[in-house]
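Colleague: Could you walk me through this one? Keep it simple, please.

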Amino acid sequence: MRVLILRADAGGCAFYRAQEPARVVSEQFSEIDIRVATEAAVEASQDRTSHLTTVHEVKEDVDLIIVQRPLNHAFASMLEQARKQGIATVVELDDDFSSIHPSNLAYAAVQPEKDPGNNKLWLARTAGEADLLTCTTEELGKYN
């Protein structure tokens, strides 16, 4: 089995929820090939007016794509296309971006009015595109 994990950042979130789990699985199951990256190879186009990306082909030779905290609009299109190509998809979520307190540093970064292409609405849409949603609490399961 070939797995691609698209990590959300280069900090603790990626280490504890993507890189370290991938290392442990690789050590215990030699038949599973796991790669952690920041992006996937795709064929895509961008709308000139909306600037939104449409993915036409996922060029990764994988059986499963796991996306961590997919706030960017392109992930929804990528997961939709991956599923059409027979690639299983998972969204990994560890925070409730729909109810971040305004005093939190992350609050402004996930508001649709601040960035229409990178926000909490795309996270919800991408989670709906995934075959499976994994999350740290039952409450986070509301995204699926």
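Predicted model: local features only at pLDDT ≥ 70, side-chain atom pairs only at ≥ 80, totals over all residues.

Colleague: Fine. What covers the buried residues of α1?

Modeller: The cover includes β1, β2 and β5.

Colleague: And which residues in α1 are buried?

Modeller: Cys 13, Ala 14, Ala 18 and Ala 22. In an α-helix there are 3.6 residues a turn, so residues three or four places apart point the same way.

Colleague: Now the sheet. In what order do the strands come?

Modeller: The order is β2-β1-β5-β6-β7, five strands in an open sheet with parallel pairing. At the edges are β2 (33-37) and β7 (132-135), each of which pairs on one side only. From one strand to the next, the twist averages 20°.

Colleague: How many bridges join β1 to β2?

Modeller: Five, and the two strands run parallel. Take Arg 2: its bridge partner in β2 is Asp 33.

Colleague: Where does helix α2 lie?

Modeller: Helix α2, residues 73-84, lies across β1, β5 and β6. It runs at about 165° to β5.

Colleague: Back to α1. Where is its kink?

Modeller: At Gln 19, shortly before the proline Pro 21; the kink is about 30°.

Colleague: What span should α1 have, and how far apart are its ends?

Modeller: The 17 residues of α1, at 1.5 Å a residue, should span 24 Å. The C-alpha atoms at its ends are 23 Å apart, so the two values agree.

Note on methods
Residues numbered from 1 in each chain as written. Heavy atoms only, no water. Pairing = 2+ DSSP bridges. Helix = DSSP H or I, 4+ residues; strand = E, 2+ residues; numbered from the N terminus. Axes fitted to C-alpha atoms, helices over the stretch in contact; angles between N-to-C directions. Contact = heavy atoms within 4.5 Å. Expected span 1.5 Å × (residues − 1). Bend = angle between axes of the 7 residues up to and from the residue. Buried < 20%, exposed > 50% of the residue type's maximum accessible area, 1.4 Å probe, protein only.
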